[in-house]
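Trainee: Could you pick one part of this structure and take me through it closely? I'd enjoy one connected account, with the cut-offs given as you go.

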Amino acid sequence: MSNIAEMKGITKHFPGVRALHNVDLEVRAGEVHALVGENGAGKSTMIKILMGVHQKTEGEIFFDGAPVDIKNPLHAQSLGLGAVYQDVNLALHLSVAENLFMGQLPKNKFGIVNHAEMYRETTRIMESINVNVNPRAIVNTLSVALQEMVCIGKILRQNAKLVIFDEPTALLTTEETEQLFQIIHMLKEQGVGVLYISHRMEEIFRICDRTTILKDGEKVATVNTADVTEDDVISMMVGRSVQDMYGIEHVPPGEEVLSVKGLSRKNEFQDINFEIQRGEIFGMFGLVGSGRTEIVHSIFGASKPDRGTVTYKGAAAGYKNPRRAIKAGLALLPEDRKGQGLALGLTVTDNTNMASMGQIATLGVLDNRKGTQIAASFVEKLSTKTPSVYQLVKNLSGGNQQKVVISKWLAADSEFFIFDEPTVGVDVGAKVEIYKIFENLVKEGKTILIISSYLPEIMGLAERMLVMYEGKQMGILTKDQFDEERILRLASGIQEQERSDSPS
């Protein structure tokens, strides 16, 4: 196979920072090529240079065998390059068809936009990737998955020869991910080159033909994916084995701190029962839509259950709102870290003190110096990578943003931590650091309830696990009962846990 795109000796300097040094990357026609590395390894800089967002400092780029100097994203598009990002790049207030034909609206001989042709062609393009969507639909009314499919349709209409997918499954369900993989396979069959970026190793090994590994702005290797293991790739990325990732030290569980009995909420979950002990890491697993997040929202006071009881530290905990739950010592780190866990436009200091303003205020006046000192102490304690505590949180990597969320709850003296999908969009190295924080929390007598869709993660971290299916509790497994096939059967509703399996 010939190379669609080739980047040779790419170096990129920003003021005071060398982001890339002498990196080579080749993507062939009809292959899916993975680009992997920790946050800060240089992946985003590489694709931004290829898409014309950044200009290289040194090196050469060839496209379709010819040398090119990609000036801007429009130039990249004209060459046959397209990109699908985690945060979709669409005009949300316009229709599907208008997005596909933006800047190239078909017109009749009188110069009037031919809407009938535009809708007809949009339907044809979307049906070619097995997507049924109304071409007149306004994009902001569509699900995240459908918006992503519209991005792909737009790229296909432009006859792209190379498509970049940057963390495309981060917000997709299992079924939507499968649909995306079918589209990627279709592109591959048509001879389109695909450059695929993901933190999810299982995806890399499922769909990618070759993998290029970056570390600290330099290329480590390009390998045939079938010739290496997940452990090999992770070792090249971060210098540690996959077995070490979940090797945290647990503590003997103490007294019962949380008890949930008969908790139910119409159309969300029914008759949920479990207890969690002090110092325990308790897992909750289920497929998207199983009711996991809705349960913890009810525990945290963000929604009201129809019936059932929650007891925390021996006292009734039917919190009317999150403020009361926070005061009692509960902390919720939501799945939507950017939308619900952080104020992205504020600083590390502001976010760290957000849940504990009363502790740094005197007669209603904030002590900014004290707030800064608190933020700096948690930056040091959690090894948060930030230029300063005055840095805007939106400029931090996903892993460091998550550390700021954890800092917020530590500053509030929280004792019971609910982590909902704690490592979504977080690279392998940052995951290990977050797991180490889990270890330190339980050593300090804190308790953790973790929700995760990534089965190896929850099996590796939790001591017990509640499995959900469509709002129904399918069973609670102890560590010695963890088995991937068994858990997936429970989570898929194929079988319910036998009574004899229930912990005494």
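Mentor: Happy to! Let's start from Lys-188, which counts as partly exposed at 25% relative accessibility; buried means under 20% relative accessible area, exposed over 50%, and partly exposed in between (1.4 Å probe, protein chains only). Before going on, please keep in mind that this is a predicted model: local features need pLDDT of at least 70, side-chain atom pairs count only at pLDDT 80 or more, and totals for chains, interfaces and linings use all residues. Residues are numbered from 1 along each chain as its sequence is written, and side-chain values use heavy atoms, with hydrogens and water left out.

Lys-188 forms a salt bridge with Asp-209, with 2.9 Å between the closest N and O atoms. That pair links distant parts of the chain, 21 residues apart: Lys-188 sits in helix 6 (residues 174-189), and Asp-209 in the loop between helix 7 (201-207) and strand 9. The term salt bridge stands for a side-chain nitrogen of Lys or Arg within 4 Å of a carboxyl oxygen of Asp or Glu. Helices (H or I, at least four residues) and strands (E, at least two) are DSSP runs, numbered from the N terminus. Asp-209 is also partly exposed, with a relative accessibility of 29%.

Strand 9 (residues 210-215) pairs with strand 10 in the antiparallel sense over six bridges; two strands pair if DSSP finds at least two bridges between them. Within this pairing, Val-223 of strand 10 stands opposite Thr-211. Both strands belong to an open sheet of six strands with mixed pairing, in the order 6-7-8-3-9-10. Strand 10 (218-224) and strand 6 (81-85) are at the edges and have a single partner strand each, so one side of each lacks a neighbour in the sheet. From one strand to the next, the twist averages 20 degrees.

Helix 5 (residues 144-157) lies across strand 6 and strand 7 (162-166), and runs at about 180 degrees to strand 6. Contact here means heavy atoms within 4.5 Å. The axes are lines fitted to C-alpha atoms, for helices over the stretch in contact, and angles run from 0 to 180 degrees between N-to-C directions.

Lys-161 is in the loop between helix 5 and strand 7, while Asp-64 is in the loop between strand 4 (58-63) and strand 5 (66-68), so the pair ties together parts that are 97 residues apart in sequence. Lys-161 is partly exposed, at a relative accessible area of 35%, and Asp-64 counts as partly exposed too, at 42% relative accessibility.

To put these pairs in context, the count by this rule comes to 21 salt bridges. One of the others joins the side chains of Arg-278 and Glu-255 at 2.7 Å, N to O. Glu-255 lies in the loop between helix 8 (230-238) and strand 11, and Arg-278 in the loop between strand 12 (269-277) and strand 13 (281-285), so this pair ties together parts 23 residues apart in sequence. There is also a network of salt bridges linking Glu-249, Lys-436, Glu-439 and Lys-443.
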